[in-house]
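Student: Could you walk me through this protein, please? I'd like to start with the words I need.

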Amino acid sequence: MHTIKDDRLRQLVTAIFAKAGCNAEEAGLIGRRLTDANLVGHDSHGVVRVPAYVRWLGEGKVKANQHAKVVAESDGFAIIDGQRGFGQVIGGEAMDIGIAKAKKVGVAMIGLRHAHHLGRIGDWAEHCAALGIISVHFVNGVHLGWIVAPFGGMQRRMTTNPFCCGMPVEGGEPIILDMATSKVAEGKVQVARNKGVEVPPGCLITSTGEETRDPNALYADPPGALQAFGDHKGYGLAVFCDLIAGALSGGGCNHDGYANTGSVLNNMTSFLIDPRRVVDANAANSEVTQFVDWLKSSAPREANGEVLVPGEPERRTRATRRAEGIPIDDTTWGNLVTCARDIG
């Protein structure tokens with residue numbers, strides 16, 4: 001295990017993408033977003049992704065130095081094509097377009113399609129919340145191949161279909177829910193495989209439908225599948241992530257009409273709300289803070305336990321890892337170093 005300070009890790013990743021053909025601004029954004037995912041404890045969406053990103057860039061499956069292209073819009077919505085650009089750039093540009101519309105008319109919908117991997121979706125909810133905007137995000141992925149089985153089935157039919165919400169808190173920290181609708185993100189299985197450890201119970205099934213904790217089962221031939229969290233409830237949310245992200249953006253839902261190209265394209269449909277335009281913002285903020293206090297007043301079930309709200313674990317992990325460094329397993333670190341050397 002290696003422990004790397006976040007600024008050094010960010011500099012390395014930025015240098016890799018600059019050498020790979022990204023301009024300085026884009027390389028810096030990719031370096032910051034991927035490192036930040038590790039910083040908050042979402043290692044599955046962090047620097048473990050670098051070698052694949054660089055490989056896909058070399059193969060033309062992701063394009064450097066692209067920007068969000070508005071293909072249709074009104075005051076209250078925009079459909080945006082990501083043009084296969086890096087999600088760490090395209091996602092932020094799409095949110096800025098939506099934030100401007102929400103501030104103008106109160107509520108906006110942004111349908112983003114054909115963006116390369118958008119990374120940690122919580123980035124976009126945090127970005128909106130920092131500017132006082134409530135946001136809800138539905139995400140799917142197409143073209144990389146399916147990885148999640150539907151509830152009651154054992155063959156892959158969906159991607160991990162993230163769901164995310166962000167609520168700004170005036171004078172306090174935002175509430176951020178960011179989760180895959182599979183029991184774990186696929187990247188967490190990658191990390192477990194790299195570390196040589198098992199995944200939690202109930203995450204995976206083999207190709208014949210038996211539950212397993214072996215992360216290698218997901219990559220076997222024939223491959224196993226991830227399971228939705230919460231059985232039929234998580235599966236139901238995953239279905240609507242696919243429908244809303246894919247159908248409303250125009251980027252498509254998962255089905256056998258999409259060939260596996262070996263590189264992911266994300267679609268994301270986001271709803272953005274400026275509370276100052278639709279309600280008494282001070283009263284709404286008071287309700288939010290009172291609700292959080294009410295949740296935290298519950299006696300913890302475990303000795304020395306604590307009731308947290310969404311977003312708090314990530315903030316605490318960020319503080320710890322910023323002070324102590326980011327832990328990187330030997331396999332991930334070796335892959336990152338090899339990638340850096342190969343690209344010069």
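Tutor: Let us begin with contact, which means heavy atoms within 4.5 Å. This is a predicted model, where local features need pLDDT of at least 70, side-chain atom pairs count only at pLDDT 80 or more, and totals for chains, interfaces and linings use all residues. Residues are numbered from 1 along each chain as its sequence is written, and side-chain values use heavy atoms, with hydrogens and water left out.

Student: How much of the protein is buried?

Tutor: Buried residues, those under 20% relative accessible area with a 1.4 Å probe and protein chains only, make up 49% of the 344 residues.

Student: Which residues of H5 are buried?

Tutor: In helix H5, residues 122-130, they are Gly122, Asp123, Trp124, Ala125, Cys128 and Ala129.

Student: What do those pack against?

Tutor: The buried residues of H5 pack against several elements, including helix H2 (24-39), helix H4 (87-105) and strand E5 (134-142).

Student: What comes just after H5?

Tutor: Just after H5 there is Gly132, which takes a positive phi of about 80 degrees.

Student: Switching topic, what does the C-alpha trace span?

Tutor: Along its principal axes, the C-alpha trace spans about 55 × 50 × 45 Å.

Note on methods. Buried < 20%, exposed > 50% of the residue type's maximum accessible area, 1.4 Å probe, protein only. Helix = DSSP H or I, 4+ residues; strand = E, 2+ residues; numbered from the N terminus.
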